[in-house]
Amino acid sequence: MHHPFTPVASVPVDPRRARVHEEGWQSWSPSGAYALDARPHRPTNDNWATVCYRPGVAVPAGVFQGEGLLALDPGDGSPVHLWAAPDPVREVPSIRLTPAGPVAEISATGPVKEYTGTDIQSVLAEWAFGLGVPAPRPAPTVWCSWYEYFTEVTEDDIHENLRAMDTLDLPIDVVQIDDGYQKALGDWLTLSGRFRSRRGIAEAIRARGRRAGIWTAPFLVDPGSELAAEHPDWLVRTADGGLAHAGHNWGHDLYALDTTHPGAAAYLTEVFRTLRAEGYDYFKADFLYAGALDGVRHAPVDPLTAYRGGIALIREAIGPDSYLLGCGAPILPSIGLFDAMRVGPDTAPHRAPEAGDFSQPGQDPAEFTGAARQWQHGRLWINDPDCLMARPAVETREQWAAHVEATGGLMASSDRLLSLDLWGVDTTRRLLSGDE
């Protein structure tokens with residue numbers, strides 16, 4: 001349901017000095033401040049538009065657009081303006097800025113409130129503080145399997161790194177198994193052939209005095225999964241009765257789980273209760289955009305209500321003491337639901353993203369959006385800048401480590417620990433221990 005843009009304000013600007021901050025829809029959507037003659041980052045193909053930006057929303061050339069938040073520094077010494085969604089967890093209007101010579105024209109697809117401040121980051125921070133979100137709990141330190149092993153991770157890889165943490169004396173609280181332990185997206189409790197026992201590996205982690213963490217993409221369903229075959233009624237539909245498209249990744253199309261369906265809700269609860277009972281108490285929930293896609297659901301609710309209901313089911317199943325990290329998540333609709341949140345796209349062993357698209361993995365886009373969302377840290381949640389990679393094979397590893405350290409956010413190592421050289425071990429230890 002997309003509404004037309006209606007005029008909100010007209011603000012005098014110095015076109016040479018003015019800056020405008022666009023807030024992207026979800027974790028991976030580019031966010032940051034631009035000069036008025038800059039070309040802001042936009043999707044370079046239709047699939048990334050669905051998976052990494054606000055689906056169904058296209059922005060014309062020569063226009064700036066924020067989802068629920070847009071800030072303007074007029075550049076003439078007058079106060080910075082912020083236009084914000086009044087009820088950001090329930091309605092997130094698109095807010096547009098069109099440069100028109102000595103003025104900037106602001107319009108929006110729904111109600112917005114205007115605030116003023118001294119600079120872009122501080123006006124955003126004041127707005128966030130004003131929401132009254134309880135102060136987030138400190139984040140544990142983490143080792144994550146993803147950036148070394150990707151989907152090919154094995155149980156033996158986890159054991160090797162568990163031993164290496166002890167050998168290298170690294171202050172790691174949580175050992176988080178990422179994508180690859182499960183047979184298929186949707187079949188979360190069925191193991192891939194590379195893992196013998198989920199409970200067994202959790203017990204091994206805990207026996208070494210560390211906590212067990214695990215990755216899921218709870219709202220995505222692989223068309224080849226048993227879930228899709230046995231419960232097609234659990235999937236979000238299009239208006240004509242087809243299956244809603246949640247993008248393309250891992251070499252196949254994706255469907256979205258309808259968490260308003262009682263059967264799907266019971267299944268999601270079972271998955272997370274089972275993982276919690278097996279000893280996992282740190283949960284990375286990824287690709288969460290799929291829970292907020294437009295579509296026909298079992299219950300006649302809007303997508304943001306369905307999304308928040310789905311996250312509430314997960315939180316109830318894992319219990320209040322478990323740590324919940326969101327990723328690929330609609331930012332404003334997630335307020336109040338998470339302990340920590342990924343605030344940029346994936347990093348990578350390289351700087352530049354594929355096709356120059358700043359929603360795609362790369363150190364450049366992760367630094368750009370991560371820095372622009374620093375105002376969220378400690379106010380909405382603990383910011384997750386994405387993992388430290390300190391092994392010699394990583395391009396510009398010193399610069400990436402400096403960015404991760406500067407955020408003061410969630411600290412997670414994602415190397416094969418035995419591949420680290422002296423600099424890599426020292427840097428990993430220093431960042432995880434929080435030493436200056």
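Biologist: How many salt bridges does the structure hold?

Modeller: Side chains of opposite charge can pair when their charged atoms come close. The model is a predicted one. The number of salt bridges that the structure holds is 27.

Biologist: Arginine 342 and aspartate 384 meet in a salt bridge; how many residues apart in sequence are the parts that this pair ties together?

Modeller: The side chains of these two residues meet at 3.6 Å, N to O. Arginine 342 belongs to strand 21 (residues 340–342) and aspartate 384 to strand 22 (residues 382–384), so the parts tied together are separated in sequence by 42 residues.

Biologist: Is arginine 397, which forms a salt bridge with aspartate 421, buried or exposed?

Modeller: The closest N and O atoms of arginine 397 and aspartate 421 are 2.8 Å apart. Aspartate 421 has 29% relative accessibility and therefore counts as partly exposed. Buried means under 20% relative accessible area. Arginine 397 has a relative accessible area of 10%, so arginine 397 is buried.

Biologist: Arginine 429 forms a salt bridge with aspartate 426; which helix holds both residues?

Modeller: The closest N and O atoms of this pair are 3.8 Å apart. The two residues are separated by about one helical turn, because they stand three residues apart in helix 11.

Biologist: Which residue's side chain joins that of arginine 54 in a polar contact of 2.7 Å?

Modeller: Arginine 54 is found in the loop between helix 1 (46–52) and strand 4 (64–67). A polar atom of its side chain lies 2.7 Å from the backbone oxygen of valine 92. The side-chain partner in the polar contact of 2.7 Å is glutamate 67.

Technical notes
Residues are numbered from 1 along each chain as its sequence is written. This is a predicted model: local features need pLDDT of at least 70, side-chain atom pairs count only at pLDDT 80 or more; totals for chains, interfaces and linings use all residues. Side-chain values use heavy atoms; hydrogens and water are left out. Helices (H or I, at least four residues) and strands (E, at least two) are DSSP runs, numbered from the N terminus. A polar contact is a pair of N or O atoms within 3.5 Å; within protein, one must be able to donate a hydrogen and the other to accept it, and residues adjacent in sequence count only if both atoms are side-chain atoms. A salt bridge is a side-chain nitrogen of Lys or Arg within 4 Å of a carboxyl oxygen of Asp or Glu. Buried means under 20% relative accessible area, exposed over 50%, partly exposed in between (1.4 Å probe, protein chains only).
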